[in-house]
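Thanks for coming. I will walk through one structure this morning, part by part, so please have the sequence and the model open.

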Amino acid sequence: MKEKVNVTGVPETMVQTLYARAKETRKKNAKINDEIAVELVKKLDYDFSKADKDNAMTYGVIARTIVLDRMVEQYLEKYANTVVINIACGLDTRCYRMEGKYLRWYNVDLPEAMKIRKQFLTETGPVYQITKSAMDDSYVDDIDYHGENVLVIIEGLTMYLYEKDIKKMFSIIEKSFQEVTVMAETMSPFVVKHVKEKSIEGSNAKFTWGVKNGKELQRIISEFSVQQEVSLVEGMKELMPIYHVIGKIPTVRNISNKIIVMEKHG
């Protein structure tokens with residue numbers, strides 16, 4: 001029996017992204033494999049027609065999944081015994097795809113999102129759920145931390161926040177962990193200003209913040225140093241070969257979302 005989910009605003013995006021991953025997984029030459037997403041979509045009583053029409057959102061989600069899966073996997077292969085914190089996790093399933101590669105994995109999100117996650121995904125250690133905002137200092141109290149290496153993933157969130165929220169979120173991370181790497185997805189200011197996501201137009205989620213590049217992000221959060229930035233063009237190349245050509249155009253790279261890798265050493 002299908003279960004109804006009532007979500008609006010930013011949490012609604014988690015249902016859309018889940019659907020995008022399920023849809024890709026069902027394709028013949030799928031570029032990602034997320035069987036859990038396929039199973040969850042079958043259980044959800046939700047109108048996916050808007051998501052079906054929003055190709056830009058779908059491609060963006062899959063490109064991001066390709067890029068971040070690769071980056072996280074490489075990181076965890078390099079640093080065994082890492083504690084992973086997945087901020088604004090929604091219905092993300094990366095913790096299952098990376099099973100056995102980390103020490104502990106904490107999924108963090110707001111009560112509205114976590115209520116739905118707990119409805120469909122029952123976690124057992126080493127995967128844990130924290131029902132708190134990433135701007136709430138106390139979420140770190142729920143993390144079992146003894147000086148291990150920490151990786152924080154911030155995917156699909158920063159574009160819905162304001163600069164003060166970004167500073168607060170990074171400040172909590174900086175104060176709480178000695179050695180920490182943050183992989184944050186960012187949107188360009190141009191896209192924030194000029195683009196709307198069709199799939200969530202009816203809800204009250206809208207893009208509010210963007211940053212041009214890692215250098216600019218480092219100016220805002222000076223306790224961290226930028227290590228790398230990877231354009232989601234890299235994921236688009238696997239979905240649409242034409243991106244091997246248009247991906248070289250600076251404008252295309254500049255307005256594409258990026259994963260910016262920031263580090264703080266104790």
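I start with Ala-88, which is partly exposed, with a relative accessible area of 25%. On burial, the terms are these: buried means under 20% relative accessible area, exposed means over 50%, and partly exposed is in between, with a 1.4 Å probe and protein chains only. Phi of Ala-88 is near 60°, a positive value in a residue other than glycine. The residue sits in the loop between β3 and α5 (94–97). Helices (H or I, at least four residues) and strands (E, at least two) are DSSP runs, numbered from the N terminus.

Before going on, a note on the source. This is a predicted model, in which local features need pLDDT of at least 70 and side-chain atom pairs count only at pLDDT 80 or more, while totals for chains, interfaces and linings use all residues. Residues are numbered from 1 along each chain as its sequence is written, and side-chain values use heavy atoms, with hydrogens and water left out.

Two other loop positions are worth a look. Asn-81 also has a positive phi, near 55°, and is not a glycine; this residue lies in the loop between α4 (55–78) and β3 (82–87). Further along, Gly-125 and Pro-126 are joined by a cis peptide bond, with omega about 10°. Pro-126 belongs to the loop between α6 (111–120) and β5.

Now the sheet. In what order do the strands of the open sheet run? There are seven, in the order β5-β4-β3-β6-β7-β9-β8, and the pairing is mixed. Two strands pair if DSSP finds at least two bridges between them. At the edges are β5 and β8 (225–231), each of which pairs on one side only. From one strand to the next the twist averages 20°. For angles, axes are lines fitted to C-alpha atoms, for helices over the stretch in contact, and the angles run from 0 to 180 degrees between N-to-C directions.

Take β6 next. Six of the six residues of this strand (residues 149–154) are buried, so β6 is largely enclosed by the rest of the structure. As a general point, in a regular strand the side chains alternate between the two faces of the sheet. Both faces of β6 are covered: on one side Asn-149, Leu-151 and Ile-153 are buried, and on the other Val-150, Val-152 and Ile-154.

As for the neighbours of β6, β3 pairs with β6 in the parallel sense over six bridges, with Ile-85 opposite Val-152. Strand β7 (residues 180–186) runs parallel to β6 and is joined to it by five bridges; there, Met-183 is the bridge partner of Ile-153. Between β6 and β7 the chain passes through helix α7 (residues 163–176), and this β-α-β crossover is right-handed. Right-handed means that, with the strands pointing away from the viewer, the path from the first strand over the helix to the second runs clockwise.

Which residue in β5 is the bridge partner of Tyr-106? That is Tyr-128. The chain goes from β4 through α6 to β5 in another right-handed β-α-β crossover. Helix α6 lies across β4 and β5, at about 145° to β5.

The structure holds eight aromatic pairs. One of them is Tyr-106 with Tyr-128, stacked, at 5.0 Å centre to centre and 20° between the planes. Rings of Phe, Tyr and Trp (its six-membered ring) pair if their centres lie within 6.5 Å; planes under 30 degrees apart count as stacked, over 60 as edge-to-face and the rest as tilted. Tyr-106 is buried at 2% relative accessibility, whereas Tyr-128, at 34%, is partly exposed. Elsewhere, ring pairs link Tyr-19, Tyr-46 and Phe-48 into a cluster.

Last, helix α2 (residues 35–43), where Ala-37, Val-38, Leu-40 and Val-41 are buried. Seen down the axis, the buried residues of α2 fall within an arc of 165°, so they line one face of the helix; the arc is that of the directions from the helix axis to the C-beta atoms. These buried residues pack against α1 (12–25), β2 (44–45) and α6, where contact means heavy atoms within 4.5 Å.
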